[in-house]
Amino acid sequence: MAITSLTLSYTWLQSSTPPHRLRACCYSSTQLSVHKTLTHVHSSGVIACLRANSAELALKAALSGGISVLEIVMSTPGVFEVLQQLVQEHPTTTLGVGTVLNVEDAKNAINAGAKFLMSPAMVKDIMVDAQCGEVLYIPGVMTPTEILSACDSGAKIVKVYPVSALGGSRYISALKRPFHHISMVASQGITIDSVREYITQEASAVVLSDAIFDKEAISQNKFNEICRLAHFAALQGNEELEWKKRCTLN
């Protein structure tokens, strides 16, 4: 009985070891790329998010204004073609795709050069694939339970959405008390004037959509205005992060 038991245990170990080793190797070979993207998100403070039919010029205007992390949502016409062109023209910018709801769109975004994927909720199949990928996945969450579930599933950062409807910066502050170790991006209905407040309340970054890509400015091709708004937003994020860094050092 003892020999049989030992043999069974040895056989089980033989069959179970390779997947664990494979997963560890997979993780070590891709974590650097994901960590780099995560660092860019943390250091920017602002993620500009485009929701518009006229994408290319508006995006370039935002990049000219100093935006370093840019999200293009799936509803943007020719989203993958636009992304590919921007990746070629702005190789140092962190570019990603938002409102990704299924694995097929996730794979197409990655093939087009996305460095991160963002969803309004956690898509489990995307999360599973992301564990052995080179792309950062930012799932959407709303409640403490969803935050914990996303992190237990492997999320390195989460998007709190729709934050304005949940209490704005005060909601972020409340969530960070029990989840101080979890990085959070605040998204939905945020203005440029409130960027500093969100970062003060420990949001790692904020998503700005209409606040930068003003609909009237886009419809009238006033891309200088978009550039100005982007510059102002980037400045707010950078200055607040710099102030927090100085406070930490002191």
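Contact here means heavy atoms within 4.5 Å of each other. Helices (H or I, at least four residues) and strands (E, at least two) are DSSP runs, numbered from the N terminus. With these terms, the buried residues of α3 pack against α2 (56-64), β2 (69-73), β3 and α4.

This is a predicted model, in which local features need pLDDT of at least 70, side-chain atom pairs count only at pLDDT 80 or more, and totals for chains, interfaces and linings use all residues. Residues are numbered from 1 along each chain as its sequence is written, and side-chain values use heavy atoms, with hydrogens and water left out.

**Confidence**

pLDDT is the predictor's confidence in each residue, from 0 to 100. The protein chain averages 88, and 87% of the residues score at least 70. Over residues 1-25 the pLDDT is below 50; beyond near neighbours in sequence, this stretch has 1 contact in the model.

**Helix α3**

Buried means under 20% relative accessible area, exposed means over 50%, and partly exposed lies in between (1.4 Å probe, protein chains only). In α3 (residues 79-89), the buried residues are Val-79, Phe-80, Val-82, Leu-83 and Leu-86. They cover an arc of only 155° around the axis, so they sit on the same side of α3. That arc is taken from the directions between the helix axis and the C-beta atoms. Glu-81 and Gln-88 are exposed on the other side of α3.

Strand β8 (residues 184-187) is covered on both faces. Met-184 and Ala-186 are buried on one side, Val-185 and Ser-187 on the other. Two strands pair if DSSP finds at least two bridges between them. β7 and β8 pair in the parallel sense over 3 bridges. Val-158 stands opposite Met-184 in β8. β8 also pairs with β9 (residues 205-208), in the parallel sense and over 3 bridges. Here Ala-186 has Val-206 in β9 as its bridge partner. From β8 the chain crosses through helix α9 (residues 195-200) to β9, in a right-handed β-α-β crossover. Right-handed means that, with the strands pointing away from the viewer, the path from the first strand over the helix to the second runs clockwise.

**Backbone exceptions**

Most residues other than glycine have a negative phi, and most peptide bonds are trans. Thr-99 has a positive phi, near 55°. Thr-99 lies in the loop between β3 (94-98) and α4 (103-112), and is partly exposed at 26% relative accessibility. Asn-221 also has a positive phi, of about 55°. Asn-221 is in the loop between α10 (215-219) and α11 (223-249), and is exposed at 52%. A cis peptide bond, with omega about 0°, joins Tyr-161 and Pro-162. Pro-162 lies in the loop between β7 (158-160) and α7 (163-166).

**Salt bridges**

A salt bridge is a side-chain nitrogen of Lys or Arg within 4 Å of a carboxyl oxygen of Asp or Glu. The whole structure holds 7 salt bridges. Three of them are listed here.

| Pair | N to O distance | Relative accessible area |
|---|---|---|
| Glu-202 and Lys-244 | 3.2 Å | Glu-202 38%, Lys-244 21% |
| Lys-215 and Asp-210 | 3.9 Å | Lys-215 59%, Asp-210 39% |
| Glu-225 and Arg-228 | 2.8 Å | Glu-225 29%, Arg-228 45% |

Glu-202 and Lys-244 form a salt bridge. This pair links distant parts of the chain, 42 residues apart: Glu-202 in the loop between α9 and β9, Lys-244 in helix α11. Glu-225 and Arg-228 both lie in α11, 3 residues apart, about one turn of the helix. Salt bridges that share partners join Glu-56, Lys-60 and Glu-89 into one network.
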